[in-house]
Amino acid sequence: MPPRAYPKESQALLEARPEVRESVTKAALHFDKNRARAYGEVPIEAWRDFAAQTKEHVLSRLDRYLEEAEARLVEKGVTVHYAEGPEDAHRILGEIVRKEGVRLAVRAKSMLTEELGINAFLASQGVEVWETDLGEFIIQLAEEPPSHIVGPAIHKSLEEIRALFAEHLGTPEDAAPEELAAAARRFLRERFLKADLGISGGNFLVAESGTLVLVENEGNIRLSTSLPRVHVAFVGIEKLLPRFEDLSVFLQLLARAATGQPIGTFVSLIEGPRRPGEPDGPEALHVVFVDNGRTAALADERAHVVLRCIRCGACLNACPVYRQTGGHPFGFVYSGPIGEVLAPALLGPKEAYPLYHASTLCGACAEVCPVRIPIPKLLLYWRERAAREGLLLPFEKSLVRAYAEAMVRPSAYRLASKAMRLFPGVLKSETLPLVRAWTRLRAGLEPSPRPFHELWEEIKDEG
Amino acid sequence: MKVALFATCLLDQFFAGAGVATVRLLRSLGVEVDFPRAQTCCGQPAFNAGHWDEARKMARHTMAVFEGYDYVVLPSGSCGSMLKVHYPELFEGLGEEYQRAVDLAERTYELSQFIVRVLGVEKLGDGLKGRALAYHHGCHALRELGAEKEPILLLENAGARIVPWEADRECCGFGGVFSVKLPHVSVAMADRKIDTLPEAEALVSTDAGCLLHLAGRMKRRGKPIPIRHLAELLWEARNAA
Amino acid sequence: MKARERILARVRRALAGRPEAALPSVPEGAALSKEEAFELFKTRLSAAGARVERLKALEEARGFLKEAEAGARTAWVSPLVPGPLRPRLPEAPPEEAELGVSRAVAGVAETGSVVLSSREGRRGQLLVPRHLVWLLEDDLYGTVLEALRAVRSENAAALALHSGPSKSADIGQIMVKGVHGPGELWVGVLAFRLEAAGDEPPELRDTLFQLVGRTLKTKRGEPFLVEMVNDRVVRVRTRGGAGKTLEVPVPYLERAAQRAREGADLSGPSRLRKEVGDRAAAYAWAILHALGYV
Ligand code: SF4
């Protein structure tokens, strides 16, 4: 289901499954409340400035930082690959799978591997693959895509999860959350111990030290990157940080923005495969730098700022549009505010239409973004481009043109004002498409008996 | 001090009384108010939908209409931010026109901010004693103009009690064209506002669009509470004194 | 590597003519006293659901250990944990052990974190249901920044910050502990010098581990890093340009410590050479000095 289906899909979801709205609203507001509290405990504005500027710096010299990161990684025994898109990523992974004889893989939650369709690819290679993040595991069982960057299963109620686990893991119909989690733990523990391959993303990659940084709360990422003999990390080229010390701010900012915690419960700082003398750890570590539209985004001087994003999900939680439906109707890996501006930057405005219209421009997202991405400004930018490049319905363009013509002629404006009062039925019409879009779900509009500009004539000489 | 009232098209058509209230309120504060008759729409609907050529056309018209006034006052946060924040963006890089946009932006104020920041008035009167009001912070008033404290200050200083409302800063879902482009999401957002709305004798806001949308939805759901434009209440605050 | 060249070329094309954005300096946090640091550390970790205790003597540490042992039949113990702090339980591999005991290379107050090294093995930090971590009070830092600086020279494939028990709210927003990783985290902060505690003096072997990751100075003031300790040798790396590695045999250090206890004058590396011979004596002396033997 492509982004184009958003209007239909969002309507269908709201009408058919109102419980999704309830679950998502509750979870997102909970996240947002924690974020607000957590922001209040630290010098947040200075941190946000620092983070935005640091990311902007890296992006402005990304070629240099990529080369530096690659050199450090190679020195540490990491095999570095580059993938332009899903095909490259699949080819690279396919070679590793064959060479290492991989039969079972565990996956640690990562949005990039979602972008690249890694699960489906591995399945096509006869590799059994398991999502190990509890939320991802839930939606894997439900065969759904993630609905939120940080909480992939926030659209699922406890009852739904109970039913799902009862069917797949044989837990009792009324199992407590603890029992459900324990069942998932047992099921996945076996797979962790047997897996040949661990697949992860990367929250950050420090160029000066070649450190791959992963943040989580469950421990599944640490397990996925520690137990299997091969670890493959897919890292977006925009994930680089210049200095090891930059992590001191980014680790805290990410956690506070995402869930309101001081730091993720488990932070992995990985610098290569197992070293001599170490009791365990993967024997091979591959880092795959992925483009998949990022260089195109970078080339756009206005829109490139989306590449600062650290995928904290704070903008989703703050977004009242997102909260009504969760991520699914957006039809893109990333949903909510960041999805609305990432989609056109990565896929182009045509492919992403009309996601950047799915916003009232209320500005709640920009208020919370830890790296200060001006999302409403970017939405306007893409809307303007879409209009300029003729991506909108011709009907809309002529309507707006006529409207503008009327509005620069005060006499035309006043005539329309009179007409509206002569034919009051128009604003309550159930048949005129634009009016109907209003009246179907709301009472019809009732203009004041006389417009203000007429009343003015009576009061202009009052005392 | 020569002040022009920009009534904005929605208020002109749907809240004419709030326009009258604005004029009387400002006059009672010693302000000479004019209403340039050529004014129409600020162009925000076109701007937000991406039709910037058309938006520029309307903005040029509006800039011409309000030439020569010391201040332009709007009983609206949304249109206020269009003039104050987005006109300069719209004419960025266009030399002389950009200068005119910046000049207009500097002279433009949302009503409550004009009263508090320019006139330095924080108490209008006692006309709202004992009134329990729910206040909806329009997004552009709140986040683009920073008009968070002024409306509340003026209402409370006139004796009104602003009832606590967990969703008072959340977007109502109007969003101009958004309300008809994505009507289902739009009303779902309104429903969140309505479902959390505490008991109050009226729902107040400085933005006509939000009020129309919320009122329309409340009426459709058969759960209406009166809606009032901020300007009307501020005039009541003053007038009853 | 065609993809590499193509991606880099596209990046360069995208950036052509774009000025370099300034890189800001990393904000320094507020400095904390030892007491403040511990208080904050405890507050944060407790809020995350961990158990934290400041232990002022070996007996207290043993008491804490005993509590952590309760109910467990087997334990995995990190090789970095010194003898007196090892549980009195049969050892088991991490996938079976019911208690895991680690030794942190650093702690962070502002986030309530312990920093663990892959040198001790990662499975034991992750697979056990209850995880006990020892942290020397001297290794507790106020800010993440200070801790990152301190562990920068760790020679390990992976470091990990643990800041509470494993948790998830993915099931209907209800917080559940012990998903995948340890469901319990216990942190014992050691506020005493190991060798000065208890009646029987601890073995030198057991105390050497606390030096790992620390930078010491020779008598002549040359800084060096204690990179690794095992039962045989202490590996040190000199700072400065090339940074060569040297190994000091543990038995040699033990002979020297024995002589010191017997009252021999070991006031400097040259005296040490005279008494027990020269096995990287300058560094050996600094190590013995750091532990209070000489
Ligand atoms: S855009 Fe900002 S708030 Fe949204 S996910 Fe990215 S970093 Fe977080």
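Reader: Before we go on, what kind of model is it, and how are things numbered?

Author: This is a predicted model, where local features need pLDDT of at least 70 and side-chain atom pairs count only at pLDDT 80 or more, while totals for chains, interfaces and linings use all residues. Residues are numbered from 1 along each chain as its sequence is written, chains are lettered from A and ligands numbered from 1 in the order in which they are written, and side-chain values use heavy atoms, with hydrogens and water left out.

Reader: Which pair of chains has the most contacts?

Author: Chains A and C, among the 2 pairs of chains that touch. That contact takes 67 residues from chain C and 94 residues from chain A.

Reader: How much area do chain C and chain A bury?

Author: About 6,800 Å², with 59% of it on carbon and sulfur atoms. Buried area is the accessible area (1.4 Å probe) that two parts lose on being put together, summed over both. On the chain C side, Arg18(C), Ile171(C) and His180(C) supply 12% of the area buried against chain A, more than any other three residues.

Reader: And how many salt bridges between chain C and chain A?

Author: The count is 10, a salt bridge being a side-chain nitrogen of Lys or Arg within 4 Å of a carboxyl oxygen of Asp or Glu. Arg61(A) forms one with Glu20(C), the closest N and O atoms being 3.5 Å apart.

Reader: Ok, switching to chain B. How many residues does it put against chain A?

Author: Chain B gives 63 residues and chain A gives 68 residues. Together they bury about 5,800 Å², 61% of it on carbon and sulfur atoms. In chain B, the residues that lose the most area to chain A are Gln13(B), His51(B) and His184(B), together 12% of what that side buries.

Reader: What about salt bridges across chain B and chain A?

Author: The rule finds 10 there. Glu446(A) and Lys219(B) meet in a salt bridge through their side chains (3.1 Å, N to O).

Reader: How is chain B itself divided?

Author: Into domain 1 (2-118) and domain 2 (132-239), with bounds that come from an automatic or database domain assignment. The contact between those domains takes 30 residues from domain 1 of chain B and 26 residues from domain 2 of chain B. Their centres, taken over C-alpha atoms, are separated by 21 Å.

Reader: What's the area buried between domain 1 and domain 2 of chain B?

Author: About 2,300 Å², of which carbon and sulfur atoms give 71%. The count of salt bridges between these domains is 1: the side chains of Arg117(B) and Glu150(B) meet there (2.8 Å, N to O).

Reader: Last topic, the ligand. Which residues are the closest to it?

Author: Cys309(A), Cys312(A), Gly313(A), Cys315(A) and Cys369(A), out of 13 residues that surround the ligand. A residue is near a molecule if one of its heavy atoms lies within 4 Å of it.

Reader: And by class, what's in that shell?

Author: The shell around the ligand has 11 nonpolar, 1 polar and 1 charged residues. Ala, Val, Leu, Ile, Met, Phe, Trp, Tyr, Cys and Pro count as nonpolar, Asp, Glu, Lys and Arg as charged, and the others, Gly among them, as polar.

Terms used: Contact = heavy atoms within 4.5 Å.
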